[in-house]
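Take a slow look at the model before reading on.

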Amino acid sequence: MRLILLGPPGAGKGTQAQRLVDKFGIPQLSTGDMLRAAVAAKTPVGLQAKELMDAGKLVSDDIVVGIVNERTNEADASKGFILDGFPRTVPQARALDEMLAKKHLKLDAVVELKVDESKLVNRIIKRAEEAKAAGQPVRKDDDPDVFKTRLAAYHEQTAPLSGYYASKGSLRTVDGMMSMDDVTSALVAVLQA
Ligand code: AMP
């Protein structure tokens, strides 16, 4: 199964993707995680991405398309994958379509987590507090001010993807404000339908 999870930052894409990994046995491909690993390893991509990520802005399409192209060629992605945080712009979605067509593959589903945006900043604050309490590093972009920039980037650059996939007939939606377990059940039901 090849799946895209769409939704604003803090919608629960990462949490739900991890649960779907267990359920379907396919990897979660999170461009945010891949970029954070590149930043930590100080690779050329990481050095280019760091400032933009810390500011809550999007990294260039070329960079993320390149890393997704490489990652989807790895053996564990041969049976499918869950894209979390990619695509985030219409050019990225077009590049993904081309990438899959070249590999003779197709997307099975695009699911958007619908959330009440007024609740998102509190989720992000909670995520930062939980990370701190667990002794884990707190993401620089999980700061309420940076979060505003991330949400603005979502509205300007990512939200148009709903229309892009709706026009292809592949968009499904799930209420992301339910409990985590209920969101997972709804996602599984949508994917098995
Ligand atoms: P995330 O972990 O998905 O919230 O992503 C964290 C940050 O990584 C974003 O705010 C962007 O700076 C960058 N990023 C992740 N995925 C993408 C993408 N598909 N396109 C551009 N930038 C991305």
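Strand 3 is covered on both faces. F81 and L83 are buried on one side, and I82 and D84 are buried on the other. Buried here means under 20% relative accessible area; exposed means over 50%, and partly exposed lies in between (1.4 Å probe, protein chains only). The helices and strands are DSSP runs, numbered from the N terminus; a helix (H or I) needs at least four residues and a strand (E) at least two.

A word on the source comes next. This is a predicted model, in which local features need pLDDT of at least 70 and side-chain atom pairs count only at pLDDT 80 or more, while totals for chains, interfaces and linings use all residues. Residues are numbered from 1 along each chain as its sequence is written, and side-chain values use heavy atoms, with hydrogens and water left out.

Now step back to the whole chain. The protein has 9 helices and 5 strands. Read along the sequence, their order is β-α-β-α-α-α-β-α-β-α-α-α-β-α. The C-alpha trace spans about 40 × 40 × 30 Å along its principal axes. How does the radius of gyration fit a compact globule? For 193 residues, such a globule would have a value near 16 Å, and the protein has 16 Å, so the two agree. This radius is taken over C-alpha atoms, and the globule rule is 2.2 Å times the number of residues to the power 0.38.

Next, look at the inside and the surface. Buried residues make up 43% of the 193 residues. Contact means heavy atoms within 4.5 Å. Of the contacts with a separation of 6 or more, 75% join residues 24 or more positions apart. The protein exposes about 10100 Å², and carbon and sulfur atoms supply 53% of that area. Accessible areas come from the Shrake-Rupley method with a 1.4 Å probe; for residues, only the protein chains shown count as cover. The protein has 27 positive and 26 negative charges, and their mean positions are 2 Å apart. Lys and Arg count as positive, Asp and Glu as negative, while His and the chain ends are left out. Each charge is placed at NZ of Lys, CZ of Arg, CG of Asp or CD of Glu.

Some backbone details deserve a visit. Most residues other than glycine have a negative phi, and most peptide bonds are trans. The peptide bond from F86 to P87 is cis, with omega near -5°. P87 sits in the loop between strand 3 (81-84) and helix 5 (90-102). K42 is not a glycine, yet has a positive phi of about 55°. K42 is in the loop between helix 2 (31-40) and helix 3 (44-54). With 63% relative accessibility, K42 counts as exposed. H104 also has a positive phi, near 55°. H104 lies in the loop between helix 5 and strand 4 (109-114). Its relative accessible area is 74%, so H104 is exposed.

Is R71 buried or exposed? R71 counts as buried because its relative accessibility is 16%. This residue belongs to helix 4, residues 61-72. Leaving aside neighbours within four places in sequence, R71 is in contact with P27, L29, M34, D76 and A77.

Two more stops remain. P160 lies in helix 8, residues 160-167. With 39% relative accessibility, P160 is partly exposed. Not counting residues up to four places away in sequence, P160 touches V90 and H155. P160 and R88 are 72 residues apart along the chain, yet their C-alpha atoms are separated by 9.2 Å.

M178 is in the loop between strand 5 (171-175) and helix 9 (180-192). Its relative accessible area is 30%, so M178 is partly exposed. M178 touches V183 and A186, again not counting residues up to four places away. M178 and Q157 are 21 residues apart in sequence, and 26 Å apart in space, C-alpha to C-alpha.
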